[in-house]
Amino acid sequence: MGIESNPIIRLNNIVKEFPGVRALKGVTFDVRPGEIHALVGENGAGKSTLIKCMMGVHEPTSGEIYLNGVQQRVKDPQQARELGLGAVYQDVNLAQSLTVGENFFIGNLPKTKWGTVNWKYIYKEAQKTLDELKINVDAKDTVRHLTIGQQEMVCIARTVHEKAKVIIFDEPTALLANEEVGILFDLIHRIKDMGVGIIYISHRLEEIFQICDRVTVLKDGAYVETLNVKDTNQDDLVKLMVGRDLTNMYDIEHFPKGECALKVENLTSKGVFENISFEAYKGQILGMFGLVGAGRTEICKAIFGADKFDSGKVFINGKEEHIKNPRSAMKKGVALLPEDRKKEGLCLGLSVDFNTNMASYDLISKCCWINLKKEHERTRHYIKEMETKTPSIKQLCKNLSGGNQQKVVIGKWLCRDADVMIFDEPTVGVDVGAKAEIYKLIEQLTRQGKCIILISSYLPEIMGLADEMMVISEGKLMGTLDRSEFMKDGKLDEERALRLASGISE
Amino acid sequence: MSEEKSKTTGKSLTSKLFSGVGPILLILIALFVVFSVIRGDVFLSGDNIQDLLLSTAVNGITALGMTCCIICGGVDLAAGSTIGMAAMVVSYFTSGQIAEGGLVPVFVAMLIAVVVGALIGFINGILINDGGLPPFIATIGMQIIIRQSINLIFEARIIAQLPTEFTDIALNTVFGIPVMAFVWFVLAIITWLMIKFTPFGRNIFAVGSNAETARLSGISLRATRCGAWMYSGVMSAIAGILLCARLGNGIPSTGSENYEFMAIASSVVGGASMSGGEGSVIGTFIGAIILQTIRNGGIIIGMNAHLLEMIVGAIIIIAVLFDKNSGSN
Amino acid sequence: MSEEKSKTTGKSLTSKLFSGVGPILLILIALFVVFSVIRGDVFLSGDNIQDLLLSTAVNGITALGMTCCIICGGVDLAAGSTIGMAAMVVSYFTSGQIAEGGLVPVFVAMLIAVVVGALIGFINGILINDGGLPPFIATIGMQIIIRQSINLIFEARIIAQLPTEFTDIALNTVFGIPVMAFVWFVLAIITWLMIKFTPFGRNIFAVGSNAETARLSGISLRATRCGAWMYSGVMSAIAGILLCARLGNGIPSTGSENYEFMAIASSVVGGASMSGGEGSVIGTFIGAIILQTIRNGGIIIGMNAHLLEMIVGAIIIIAVLFDKNSGSN
Amino acid sequence: EESASASASASEPAGSDNQGGSDAELPLDVVVQVKATESDFWQYMIVGAEQYAKDYPDRVKVTIQGPTKELDYDKAVSLLEQVVANKPDAIVLASSSSDATVPAVEDAMDQGIPVVLADNMLNTEKYTAFLATDNIAGGALAADALVEGMEAKGKTSGKVLVVSSSAGSLVMEARIKGFTEQMKNKYTQYEMYPEILYCENDVAKALDVCAQTFSANKDIVGVFGGNNMSGNGASRYIAQEKLADEVTCVCYDSDPEEIKNLRNGDLYAMIIQDPAGFGYKGVDMAYKVVAEGYDVEANFPDKYIDTGCTKITAENIDAPELQALIDPTLLKDGKATREWPTYF
Ligand SMILES: Nc1ncnc2c1ncn2[C@@H]1O[C@H](COP(=O)(O)OP(=O)(O)OP(=O)(O)O)[C@@H](O)[C@H]1O
Ligand SMILES: Nc1ncnc2c1ncn2[C@@H]1O[C@H](COP(=O)(O)OP(=O)(O)OP(=O)(O)O)[C@@H](O)[C@H]1O
Ligand SMILES: [Mg+2]
Ligand SMILES: [Mg+2]
C-alpha cells in the first residue's frame with residue numbers, strides 16, 4: 001500500500017463562496033495512490049462542494065489544486081476528466097433518454113474510421129465493464145427504464161471504465177442494499193489495488209472502518225482533522241463531526257401495541273407485488289426490509305393512492321377505505337415520505353417555506369385564504385426543531401445540501417399530523433447527527449400513538465428501530481419477524497432477515 | 001420567485017411589492033426618461049398616458065392568465081383565439097344585426113362569452129392533464145380548432161351594429177382612468193391576491209415546479225391545471241370582450257396577431273420562467289407596460305414602424321437577459 | 001424514443017426503421033385509405049402524389065431542423081422568418097430587377113442565403129446558451145427582429161425577375177420526383193445519419209435529455225446548442241430558397257404563416273418530446289406528410305376550408321394523444 | 001413637427017373642418033396612416049402620398065404611419081389615437097376596420113383636424129372626405145372580364161373558382177360579393193364552385209389549394225383571385241401547369257408576378273385600383289381643405305370620391321400612361337410619371 005508515497009492530488013486551502021453562503025473555508029486535503037480516503041461531515045459541511053471544486057464544476061474562490069505535485073487550474077469537467085479525475089456524484093443523474101452504453105461514452109463517443117459513432121464498440125465495451133462488475137444491466141437499455149439502484153451502479157461502472165487515477169464516490173451506498181454494497185466494496189478494493197486514489201464520502205460510518213485508510217473530517221465548511229482510520233473509532237469520529245457525543249442512536253424507546261391503524265389484505269399489482277397482507281398498529285414501528293427492486297416502494301405508493309393496484313383491500317382504523325389518490329389518503333390520515341426526494345419530495349425551485357407548507361395549505365387557510373403568519377411560524381418551528389441548516393426560510397431548496405433537503409420533506413409531512421406515516425428511506429444521505437434526530441422524531445411520533453411504517457435497505461437501521469419487520473422479496477411477503485425474533489440477547493440476527501430478503505424461504 | 005421572496009422580509013410595502021422586479025422597473029424608467037427627453041410634451045401628456053394604459057389593457061389582461069399557465073409549467077397558445085371567440089360571442093348576442101335590440105342584454109352576453117372562455121380553458125386543462133399532451137401542443141391544436149370554429153359558426157363574417165352601451169365601455173373613464181385600464185388594474189389585483197393568498201395559487205406554483213411532488217403532496221393536478229388554464233381562458237375572454245367593445249364590431253380575426261406571444265413576452269419580461277414554478281403578477285404588469293411603452297413612445301418620436309417592432313423584439317431579449325443575469329447574482 | 005429503441009433490436013432494416021413510429025404510420029395509412037375510398041381516382045393519381053410531396057417539402061425540411069432543436073430541449077420559433085429572410089436574400093442577389101443578370105450566380109446566392117440562415121441559428125444558439133434565455137423567448141425575439149429586418153432592408157417590397165434557372169428548380173423532377181421533394185428526402189437521410197451516427201447528433205440528445213449531465217461529461221453545451229440551432233437555421237434557409245423558387249418572386253411575407261407551428265407539429269406528431277431528449281427523423285418525416293395529406297385530400301374531396309383546418313388542429317392533438325397512450329404501454 | 005404645436009394652439013371648435021384653416025403654417029404636417037406597412041399595396045399608397053410631398057414641398061410634410069400587419073386592428077387604433085394626440089394639421093387614413101377607429105377619428109374632427117378616409121369607409125358622419133374603389137363594382141368588373149376571357153377561349157360553360165386571401169375582411173367580402181352576384185345573375189351558364197378557397201395570404205398555399213382543386217375538378221374554366229397574393233398564386237399555377245388554353249384567370253390588384261403572367265397570357269386581366277391615388281389625392285384633399293378652405297360637400301354631396309378601377313389586359317398593359325398606375329414605385333425611382341386625376 002502506497003500510503004507513504006506522494007499524493008496524486010492535493011487541495012490546498014480551498015475556499016468557496018456562494019451568494020450568502022461560505023461553503024468552504026480553507027480546506028486542505030490530499031489523496032495518495034492506492035488509498036481510500038474518506039471525507040466525512042454533517043449535512044452541509046461542504047463535502048459535495050469540495051469535490052465539485054476538484055472536478056471543475058465550481059470554480060474555487062481561492063486555493064490551489066496540485067496534481068502529482070503540479071499546480072493545475074481545473075476549469076471544466078472535460079479537463080478534469082482529461083487529468084484523470086472521475087466522480088460518481090450524489091445528485092447528478094444520467095442522461096435519461098440515452099442508452100446505458102451511450103452514457104458510458106457521453107461527451108467522448110468513439111468513432112469509426114468514417115467519423116461516425118461506433119455503436120458496436122460502445123455496446124461491447126460498456127457490456128464488458130458491466131459484466132466485469134457483475135452488474136445485471138443491458139448496455140442497450142435506455143437509462144429511463146432502470147431503477148435508481150441500477151442507475152447508480154451504471155454511474156459507478158462508467159467511472160471505473162474511464163480508468164481514472166482518482167475516483168470520487170459521493171455517498172455511493174445510499175441507494176444500495178446490502179448485497180450490492182458488498183459488490184461495490186469488492187469493486188472498490190479492486191480499483192484501489194490498481195493504484196487508483198479513491199475519495200469516499202458516506203454518512204454510514206461503519207463503512208469507513210470497513211474499507212477506508214484515512215479519514216478527513218469537515219465541519220461547517222472548515223477543515224477539522226485528518227486521521228488514520230486504524231487510529232480512531234466511530235465515537236471519536238462522530239464527536240469530531242458533530243461536536244458532541246452520540247451514544248447508540250438506534251436506542252429508542254419502544255411502546256406497547258395500540259389499536260390496528262392500517263390493515264392491508266391481499267394487495268396485488270400484477271408483476272410488481274402480489275398478495276401482500278399485513279397489519280400496522282398505533283405506537284409501533286413496522287419495518288419493511290428488502291433488496292433494491294423488491295417492490296416496497298410500490299406497495300406503499302399503492303396504499304397511499306399514488307399508484308393503481310389490481311386487487312386487495314385497505315382498512316384504516318378498522319374501516320375499509322377506497323383510496324383513489326394521495327389527497328384522499330391524506331384525508332384519511334395517511335402520509336408518505338417518498339424515497340426520491342428530488343423528484344417526488346420537493347419542489348427544488350421553490351423556497352423552504354413553500355415546501356414545508358405545500359401539503360397542508362388547507363389546514364392554515366380559511367375560506368380559501370392562507371394565513372401567511374401561520375405559514376411562516378410553522379416553517380420556522382420545524383427548521384428549529386430539526387436544526388435544518390438554511391440561511392432563511394426563503395432559501396430555494398435546490399441550494400440546500402442533501403440532508404437538509406430531506407429534513408424539509410419530513411417537515412412537510414409533520415405539518416399534516418397524519419396517523420399513519422410511511423417513511424421510505426428517510427435517512428438516505430442524512431448525516432449521523434440528523435439521523436439520530438430523525439430517529440428521535442420517529443420515537444416521539446410513536447409516543448404520540450402514531451403508526452410508523454419504515455422502509456429501509458439499511459439493515460442496522462431497520463433492525464435497530466422496528467418493532468416488527470416485514471421482509472419483501474420480488475414483490476412477495478417472505479415473512480414477518482417480531483422484534484424478539486431478530487433481537488437475540490440484545491444482538492441482531494442479520495442472517496435470517498437477509499436470507500428472507502434474498503428470496504430463500506424458511 | 002420575485003414575488004415569493006418578497007413577502008417575508010419586513011420591509012415597507014412598496015419595497016415588498018417591487019423587490020425582485022428591480023431590473024425591469026429600471027428598463028421601464030429608462031424608457032420613460034428617453035421618451036420624455038425627446039418628446040416629453042406629448043409623451044407625458046395626460047391624453048397619451050391614458051392612451052398608453054388603454055392600449056396596454058388587452059394584452060395586460062391576457063398576460064395575467066398567461067402568467068398563471070406559465071407558473072403552472074405551460075403556456076396558453078389558444079389565448080388569442082379565445083379572445084377572438086369571446087369577441088364574436090359577445091357580438092353575436094348583442095348585435096342588432098342578429099336580432100332587434102340584441103338577443104340578450106349586454107351583461108348576459110358578456111357572461112356567456114366568459115363561460116365560453118372558461119370552457120375552452122377547461123378543455124385545454126383536460127387535454128394537458130388527462131391527455132398528457134405538452135401544453136404547447138394541446139393549446140396550438142385548440143388555437144387552430146377555435147379559430148376555425150369562429151369561421152364556421154359565424155361564417156367568417158363581421159358582425160356589426162353592436163349596442164352603444166356596450167361599445168361605450170371602450171370610451172368611458174372612471175376616476176380619470178379608461179374603463180378598460182381600470183378593469184385591467186382590478187383583475188391584476190385579484191390575480192395577485194389569488195396567487196399570493198389562496199391555496200389554489202400556491203398549488204399552481206407547486207405543480208409548475210414539480211408535478212410529481214405536488215401529486216404526492218395531495219394536490220390535485222387535474223384541478224390545478226384545469227384551474228390555471230380556465231383562469232387564462234376567462235382572462236382572455238374578458239380581454240376579448242373589451243377588445244370587441246374597442247373595435248366596435250365582431251371581427252372574426254380578432255386576436256390573431258401574436259396576442260399569445262405578446263402575453264408570453266410580457267410574463268417572461270416580468271420574470272416568469274418558461275420552465276414553470278416562477279412568475280409574478282407585478283412583473284407581468286410592468287412587462288406589459290414596457291412592451292407598449294416602446295410602441296407608444298416610438299410612434300411619438302416618429303420612428304419607422306419596422307424599426308420600432310424590431311426594437312420591441314430586441315427589448316424582449318434584452319429584458320430577459322438582464323433579468324437572468326442580475327437575478328443570479 | 002422511437003429511434004432510440006430501434007437501433008438495438010436485431011430485426012430487419014424495415015422493422016428497425018419503423019419501430020416506434022407504428023401509431024402514426026397507422027394514422028397515415030388510415031388517411032390514405034379514407035381519401036382513396038372517397039376520391040381515389042384523383043387522390044392516388046401520380047400527379048397528386050407529386051403535388052403532395054412537392055407541397056410537403058418546405059415544411060418537411062423546416063421540420064428536420066426543428067426536430068434537432070426539440071431534441072436539444074427547445075424550439076426554433078425563428079424558423080419561419082428565417083425562411084422569409086433566405087427567400088429575400090436569394091431573390092435580391094439573383095433578381096434581374098436589382099442588377100442585370102443578377103448580382104451573383106444563382107449558386108452563390110443560395111450559398112449566401114444558407115450562410116445567413118446559419119448565422120441566425122448561431123445567434124439563437126448564443127442567446128440560448130450564453131444568454132441563458134429560454135429557447136422559446138430567444139427565438140420569438142429573433143423572429144420579430146428578422147421579420148422586421150426583412151421589411152427594413154428590402155423595403156417590404158416584392159422582388160421579381162428571378163432567373164428561370166433558379167425558379168425552374170420548383171418545376172423539375174429527378175427520377176420522377178419533384179426536385180424539391182428530392183432535396184427533402186436527401187436532407188432527411190442526412191439528418192437521420194447525423195442524428196444517429198455522429199457524436200454531434202448524440203450530443204444533441206444528451207444535452208436535451210439532461211444538460212447538466214452532458215456538461216459534467218465534458219460535452220460543450222455551447223457547441224451543441226449553437227450546432228442544433230444553426231442546423232435549424234440552415235434547414236430553414238434551404239426551405240426558404242426552395243419556397244422562393246416555387247413562388248418565383250421574393251415575397252417579404254414568405255414563411256410568416258405559422259410555418260414554425262407546422263414544423264413543431266410535424267416533429268411532435270412524429271414522436272418528438274417537447275421536454276427534450278426525444279425525437280426521430282422518420283417520425284418527423286411521416287408527421288409532415290400526415291399534416292399535408294389531410295389538407296391535400298380534404299381539398300380534393302371538396303371540404304370546407306375552415307372545417308379542413310379544424311381537422312388539422314384536431315389531428316395534431318389526436319396523433320400526440322395516440323402516441324402518448326400507445327407509447328406508455 | 002414644428003407646426004404640430006402651431007395647430008395645437010389653434011384649437012378650433014368642433015365641426016369647423018370645412019373652413020379655411022389658413023392659420024396653420026405651411027408646409028402642413030399631414031399624417032398618412034395605412035392599413036399595413038408590410039404590403040405592396042399599402043406601399044403604393046405611401047408612394048403616392050410621398051410623391052405629393054415631393055411635388056409640393058412647400059405645401060405639405062408627410063409622415064407615414066401604420067401597423068405592420070393588417071389584422072392588427074388593436075394596434076391600428078392605438079396608433080391613430082396617438083397620431084391624434086400629436087395634433088397634426090390633417091390625417092389621411094386607410095383603416096382596416098369600420099368601427100374601431102371611429103372614436104379617434106371623431107376626436108380628431110372635433111379638434112378641427114380634418115380626416116380624409118381612404119379605401120375603407122367608417123361608420124360615422126364625422127370625416128372630411130372618402131376616397132375609395134367601389135369594390136362591389138370592381139368585383140362585377142372582374143366577372144365581366146373573366147367571362148370575356150373565357151368566351152375568347154371558347155369556354156361557354158364550366159366551373160368558376162374564387163381564391164380569397166383570408167376570411168373576415170370587409171373589402172374581400174365586397175369584391176367576392178360583387179363578383180359572385182354578377183356571375184350568378186348575369187352569366188348563369190357558368191357554375192360557381194361551392195367552396196371559397198383561402199390562401200391565408202400565402203402564395204404557396206394558394207398554389208397548393210389550386211393544385212388540388214384543379215386535380216379534382218377537371219371542368220374548372222375560370223378563376224378569380226381576390227387580391228394580389230391569391231391572384232399571384234392562381235396565375236402562377238396556371239402558368240406552371242400550362243393551363244392557359246383551358247382556364248382563364250382574373251385577379252384584383254397587381255404585383256410583379258401577375259404582370260409577368262399577364263404578358264405571357266396566363267393571366268387574362270387584372271382589376272387594379274389606384275392606391276397611389278389614395279395617397280396622392282388624399283394628401284391633396286387634406287391640403288386643399290386646410291389651406292384653401294375647400295368645401296367637400298359642395299362638390300361631393302356624400303363626400304365620396306370614387307377613385308375607380310381599371311381593367312388591365314394584354315392590350316393595354318404597355319400603354320405608357322398606365323405604367324405608373326400598374327407599378328407606382330416607378331414614380332419613386334423617377335422611371336415613370338403620370339397624370340393625376342382631377343376629381344376636385
Ligand atoms: N449552488 C449553491 N448555491 C448556494 N449555496 C450552496 C450551493 N451549493 C451548495 N450550497 C451550500 O453550501 C453548503 C455545503 O453544501 P454541500 O452540498 O457541499 O454539503 P455536503 O457536505 O455535501 O452535505 P450532504 O451530506 O447533505 O450532501 C451548504 O450550506 C449548501 O446549502
Ligand atoms: N420505471 C420503471 N420501469 C420499469 N420497471 C420499473 C420501473 N420502476 C420500477 N420498476 C420495477 O418495479 C419493481 C420495484 O422497484 P423499486 O426499486 O421501486 O422497489 P423498492 O423495493 O422500493 O426498492 P428500493 O430498495 O430501491 O426502494 C422492480 O422490479 C423494478 O425493476
Ligand atoms: Mg453532499
Ligand atoms: Mg424503493
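**Stop 1: the two domains of chain A**

The C-alpha centres of domain 1 of chain A and domain 2 of chain A lie 33 Å apart. To display them, colour residues 1-84 + 207-243 as domain 1 and 260-501 as domain 2; these bounds come from an automatic or database domain assignment. Eight residues of domain 1 of chain A are in contact with 11 residues of domain 2 of chain A, where contact means heavy atoms within 4.5 Å.

Before continuing, note that this is a predicted model, in which local features need pLDDT of at least 70, side-chain atom pairs count only at pLDDT 80 or more, and totals for chains, interfaces and linings use all residues. Residues are numbered from 1 along each chain as its sequence is written, chains are lettered from A and ligands numbered from 1 in the order in which they are written, and side-chain values use heavy atoms, with hydrogens and water left out.

**Stop 2: ligand 1**

Select ligand 1 and the residues near it, that is, those with a heavy atom within 4 Å. The shell holds 19 residues, and the closest are A:Asn43, A:Ser48, A:Thr49, A:His203 and A:Asn399. Why does ligand 1 lie between domain 1 and domain 2 of chain A? Both domains give residues to the shell, so the ligand lies between them.

Next, highlight strand 2 (21-31), helix 1 (47-54) and helix 14 (402-414) of chain A, each of which supplies at least two residues of this shell. Helix 1 gives the most, with three residues. Helices (H or I, at least four residues) and strands (E, at least two) are DSSP runs, numbered from the N terminus.

By class, the shell around ligand 1 comprises five nonpolar, 11 polar and three charged residues. Here Ala, Val, Leu, Ile, Met, Phe, Trp, Tyr, Cys and Pro count as nonpolar, Asp, Glu, Lys and Arg as charged, and the others, Gly among them, as polar.

Now show the polar contacts (pairs of N or O atoms within 3.5 Å; within protein, one must be able to donate a hydrogen and the other to accept it, and residues adjacent in sequence count only if both atoms are side-chain atoms). A polar side-chain atom of A:Lys47 is 2.8 Å from an oxygen atom of ligand 1. The side chain of A:His203 places an N or O atom 2.8 Å from an oxygen atom of ligand 1. At A:Asn399, a backbone N or O atom lies 2.6 Å from an oxygen atom of the ligand. Taken alone, ligand 1 exposes 630 Å², of which the protein buries 85%; accessible areas come from the Shrake-Rupley method with a 1.4 Å probe, and for residues, only the protein chains shown count as cover.

**Stop 3: ligand 2**

Move to ligand 2, which 12 residues surround; the closest are A:Gly295, A:Arg296, A:Thr297, A:Glu298 and A:Glu339. Three residues of this shell are nonpolar, five polar and four charged. An N or O atom in the side chain of A:Glu298 lies 2.9 Å from an oxygen atom of ligand 2, and one in the side chain of A:Glu339 lies 2.8 Å from an oxygen atom of ligand 2. The protein covers 64% of the 620 Å² of accessible area that ligand 2 has on its own.

**Stop 4: chains B and C**

Which chains share the most contacts? Of the five pairs of chains in contact, these are chains B and C.

**Stop 5: a cis peptide bond**

Finally, select D:Leu26 and D:Pro27, which are joined by a cis peptide bond with omega about -10 degrees. D:Pro27 lies in the loop between helix 1 (2-9) and strand 1 (28-33) of chain D.
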